[in-house]
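Thanks for coming. I will go through one structure today, one part at a time. Please look at the sequence and the model first.

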Amino acid sequence: MNIDYDGDLTVSMGVSDIDAAIEWYANILNFELLYKNEDIAWGEMSTGLTNVNLGLSQVETVQQGGGATPVWGVKNIVDAKASLDAAKVKQDGDIQHIPGMVKLLTFYDPDDNAMMLFENDSQ
């Protein structure tokens, strides 16, 4: 089997209020709204990464646990954490450091969708 990928990726997340989610992702992660379709309760946001978008689907019940966790690469995780702290974004502890490999920080959107930030630590 051969799958010919086109280079695009859209990460889809269920949210309880699409308008509130769009505002949160714009204000906290600096994502930009590409479009919103009221008929299907779907919106898509540019993440600032080439060909990587975030799809937001308004659902009655946001499922917790399981599923994929988007992990966003950052240049400076300490600065990124400070921005999340200033915005009072819920986090799962402090920055985890695996020397010579990676620094990681888990955080949550208002619907408790888990995400992570990472900074490469390979020197």
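This is a predicted model: local features need pLDDT of at least 70, side-chain atom pairs count only at pLDDT 80 or more; totals for chains, interfaces and linings use all residues.

**Helix 2 and the rest of the fold**

I start with helix 2, whose buried residues are covered by parts that include helix 1, strand 7 and strand 8. Some terms before I go on. Helices (H or I, at least four residues) and strands (E, at least two) are DSSP runs, numbered from the N terminus. Buried means under 20% relative accessible area, exposed means over 50%, and partly exposed is in between, with a 1.4 Å probe and protein chains only. Contact, or touching, means heavy atoms within 4.5 Å.

Residues are numbered from 1 along each chain as its sequence is written, and side-chain values use heavy atoms, with hydrogens and water left out.

Back to helix 2. Which of its residues are buried? They are I77, A80, K81 and L84. These residues cover an arc of only 100° around the axis, so they sit on the same side of helix 2; the arc is that of the directions from the helix axis to the C-beta atoms. On the other side of helix 2, V78 and A86 are exposed. Just after helix 2 comes K88, with a positive phi of about 60°.

N76 is in the loop between strand 5 (71–73) and helix 2 (77–86). N76 is partly exposed, at a relative accessible area of 34%. Its side chain makes polar contacts, which are pairs of N or O atoms within 3.5 Å; within protein, one must be able to donate a hydrogen and the other to accept it, and residues adjacent in sequence count only if both atoms are side-chain atoms. A side-chain oxygen of N76 comes to within 3.0 Å of the backbone nitrogen of V78. A polar atom of the N76 side chain also lies 2.9 Å from the backbone nitrogen of D79.

Next, the sheet. Strands of a sheet pair through backbone hydrogen bonds, either parallel or antiparallel. Here, two strands pair if DSSP finds at least two bridges between them. The model has an open sheet of 4 strands in the order 1-4-3-2, with mixed pairing. Why is one side of strand 1 (9–15) and of strand 2 left without a neighbour in the sheet? Because these two strands stand at the edges, each with a single partner strand. From one strand to the next, the twist averages 20°. For such angles, axes are lines fitted to C-alpha atoms, for helices over the stretch in contact, and the angles run from 0 to 180 degrees between N-to-C directions.

Going through the pairs, strand 1 and strand 4 are parallel, with 7 bridges. In this pair, G14 has S57 of strand 4 as its bridge partner, and M13 stands opposite L56 in strand 4. Strand 3 and strand 4 (residues 52–58) are antiparallel and joined by 6 bridges. Here S46 is partnered by N53 of strand 4, while M45 stands opposite L54. The hairpin of strand 3 and strand 4 has 2 residues between the strands, and N51 in the turn has a positive phi of about 60°. Strand 2 (residues 32–37) and strand 3 (residues 42–49) are antiparallel over 5 bridges. Their hairpin has 4 residues between the strands, and A41 takes a positive phi near 50°.

T47 is buried, with a relative accessible area of 11%. The T47 side chain reaches the backbone nitrogen of L49 at 3.1 Å, and one of its polar atoms lies 2.6 Å from the backbone oxygen of V52.

Last, what packs together. Strand 4 is largely enclosed by the rest of the structure, because 5 of its 7 residues are buried. Helix 1 (residues 18–29) lies across strand 1, strand 2, strand 3 and strand 4, at about 150° to strand 4. Not counting residues up to four places away in sequence, Y25 touches residues including M13, M45, L54, L56 and M115.
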